[in-house]
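Please consult it alongside the coordinates.

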Amino acid sequence: MSAKVFVVDDQPEVIELLTELLKEHGKQARGFADGDQALAALKKNDKNVVLMVLDIDLGPNRRNGIEILKDLRVSHPNLPVVILTGKGTVDDAVMAMRLGATDFIEKDPRLGDRLSLHMKKLDRLLAVLDDNKRLKKQNALLRERFDLQMEMIGKDGGLAPIMQQITALAKIPRPVLIIGERGTGKELVAAALHAMALSRKGAFITINCAALPETLAEAELFGHEKGAYTDASSSKPGKFELADGGTLFLDEIGNMPLSIQQKILRVIEYQTFERVRGNKEIHVDVRVTAATNADLDKEMKAGRFRSDLYDRLAFDTIRVPPLRERRQDIPELCRFFVERFKCEVAGVQCNHISQAALASLSSRSFPGNVRELKNLIERAAYRCQSDTIGVKDLQSATHTSEPDLPAGGTLRERVASFEKQILEQALKIAGNNMSTAAKELGLGYDQMRRLVKKHSLEH
Ligand SMILES: Nc1ncnc2c1ncn2[C@@H]1O[C@H](COP(=O)(O)OP(=O)(O)OP(=O)(O)O)[C@@H](O)[C@H]1O
Ligand SMILES: [Mg+2]
């Protein structure tokens with residue numbers, strides 16, 4: 001069906017002229033002398049109607065274009081409207097634009113020419129509208145995907161106490177520290193805290209403190225003005241500004257360099273700072289959450305983590321339990337990961353996971369926690385040739401993932417060889433991206449670099 005344009009004008013010759021023109025531009029036109037008739041027709045079936053061309057003066061005994069436009073804005077707020085104006089009705093045209101008309105054309109003897117010129121503009125407008133529709137659809141899809149990513153399994157199971165804590169804390173604009181072993185779902189908890197604080201309209205911004213080079217940290221966090229660095233050709237807001245009205249999630253806070261810990265402390269306390277090279281104090285309203293799998297007590301004792309920052313961050317602490325302490329969630333997690341994998345990857349055949357496979361999973365230790373389970377299930381689902389993932393699929397998925405234990409040599413040599421294999425594999429999976437591999441292994445970036453050097457794994 002081609003795009004339809006409603007033309008409302010009390011002069012039949014104008015309707016005829018516009019209908020012809022619209023046809024030339026590949027649009028189907030339907031003429032109305034009375035605006036209310038057009039509104040009624042639109043209410044009945046507005047499919048394919050992409051535009052209304054509306055005259056202001058529709059003659060005696062009929063409501064004028066402005067009144068029609070007012071109603072239209074209520075019934076069809078997004079339908080673009082081009083207003084036709086006669087001489088001396090400029091005020092009305094201004095009014096129409098205020099009411100949300102898209103454009104107006106003057107009705108004079110050169111109306112045909114004017115409209116011809118206008119059609120190009122109109123086509124562009126329609127293309128933009130098409131784009132908007134597509135983008136809206138895309139946004140909804142992304143939103144859906146985001147929700148799916150952020151879906152937290154175990155809310156009524158092993159994570160029930162955490163959910164209670166999240167619900168209580170969501171409303172309180174104070175920092176929260178999230179602790180837990182690697183892969184337990186700390187980032188999900190931070191996202192849930194943000195999502196549940198409904199009054200927060202701002203964004204959820206994440207910064208990985210372990211991958212933050214000390215020299216750039218300040219600009220990343222607080223932004224910089226033009227010329228702050230040799231290659232800073234324009235000014236740029238930092239993460240604190242981007243998170244204004246929302247949440248800033250400081251991931252892997254245990255790896256934050258001491259010099260930055262000091263700088264950030266004041267900002268968390270007073271919510272004010274200056275950009276690098278800036279001379280204006282910026283005030284923000286940011287909820288800070290931080291996560292770590294490091295033992296912060298130990299880090300504080302060793303002088304690597306400031307105790308005043310710890311105090312400030314830990315208004316309350318959420319401890320996300322390791323998977324081995326909430327095995328009851330494993331079946332639901334497995335089903336969820338299979339479902340999600342199927343959404344993401346075409347051609348995956350399996351729908352279920354066998355009881356025996358679930359039982360075998362329940363006895364594993366999962367040092368990598370939920371992430372490890374997720375990766376295992378995805379590998380198994382990928383290999384599975386039938387409707388149900390069985391023990392065999394899990395075994396083959398496991399064997400390819402875990403390096404063989406070295407057979408000979410002293411304990412130290414064997415440990416080193418095992419460590420090297422693990423690093424090699426993590427790097428391979430991460431496409432040689434050191435920070436991704438480090439994250440996967442629960443290491444800080446610097447630790448990872450040292451290990452890569454130690455085993456001569458540089459590329
Ligand atoms: N309860 C859960 N429900 C669904 N998926 C989960 C759950 N917990 C964790 N995951 C998934 O496991 C993976 C790891 O979670 P996340 O990144 O939040 O862990 P983390 O504790 O931040 O890990 P790290 O310490 O390595 O940064 C993600 O893919 C996440 O979606
Ligand atoms: Mg994390």
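1. How many of the five residues of strand β1 (residues 4–8) are buried? Four of them are, and the strand is therefore described as mostly covered, where buried stands for 20 or more other C-beta atoms within 10 Å of the residue's own, exposed for 12 or fewer, partly exposed for what lies in between, and C-beta atoms are placed from the backbone. Strands (E, at least two residues) and helices (H or I, at least four) are DSSP runs, numbered from the N terminus.

2. On provenance, this is a predicted model, in which local features need pLDDT of at least 70 and side-chain atom pairs count only at pLDDT 80 or more, while totals for chains, interfaces and linings use all residues. Residues are numbered from 1 along each chain as its sequence is written, and chains are lettered from A and ligands numbered from 1 in the order in which they are written.

3. Strand β1 belongs to an open sheet of five strands, ordered β2-β1-β3-β4-β5 with parallel pairing; two strands pair if DSSP finds at least two bridges between them. At the edges are β2 and β5 (103–106), each of which pairs on one side only. Neighbouring strands here are turned by 20° against each other on average, direction ignored; the axes are lines fitted to C-alpha atoms, and angles run from 0 to 180 degrees between N-to-C directions.

4. The two partners of β1 can be examined in turn. Strand β2 (residues 28–32) runs parallel to β1 and is joined to it by five bridges, with Ala29 in β2 as the bridge partner of Val5. Strand β3 (residues 49–55) also pairs with β1 in the parallel sense over five bridges, and Val7 has Val53 as its bridge partner in β3. In a regular strand the side chains alternate between the two faces of the sheet.

5. A further open sheet has five strands in the order β7-β10-β13-β6-β14, again with parallel pairing. Its edge strands, β7 (204–208) and β14 (316–319), each pair on one side only. Strand β6 (residues 176–179) is joined to β14 by four bridges in a parallel arrangement, and Ile178 has Ile318 as its bridge partner in β14.

6. Which residues come nearest to ligand 1? Of the 21 residues around it, they are Ile153, Gly185, Lys186, Glu187 and Val370; a residue is near a molecule if its C-beta atom, placed from the backbone, lies within 6 Å of it. Helices α7 (186–196), α13 (330–344) and α15 (369–383) each supply at least two residues of this shell. At least three shell residues come from each of domain 2 (156–321) and domain 3 (330–399), the bounds being taken from an automatic or database domain assignment.

7. By class, the ligand 1 shell has eight nonpolar, seven polar and six charged residues. Here Ala, Val, Leu, Ile, Met, Phe, Trp, Tyr, Cys and Pro count as nonpolar, Asp, Glu, Lys and Arg as charged, and the others, Gly among them, as polar.

8. Helix α10 (residues 258–270) has 13 residues and spans 19 Å from its first C-alpha to its last, close to the expected 18 Å, the latter being 1.5 Å times one less than the number of residues. Just after α10, Gln271 takes a positive phi of about 60°.

9. Glu252, in the loop between β10 (247–251) and α10, has a positive phi of about 55° although it is not a glycine. Glu252 counts as buried because it has 25 C-beta neighbours inside 10 Å. Phe366 lies in the loop between α14 (355–362) and α15, and its phi is likewise positive, near 50°. Phe366 has 19 other C-beta atoms within 10 Å and is therefore partly exposed.

10. Cys350, in the loop between α13 and β15 (352–353), is buried because 21 other C-beta atoms lie within 10 Å; its C-alpha is 5.8 Å from that of Ser386, 36 residues apart in sequence. Phe222, in helix α8 (residues 214–222), is buried with 21 C-beta neighbours inside 10 Å; Phe222 and Glu274 are 52 residues apart in sequence and 6.8 Å apart, C-alpha to C-alpha. Phe273, in strand β11 (residues 272–273), is buried with 22 such neighbours inside 10 Å.
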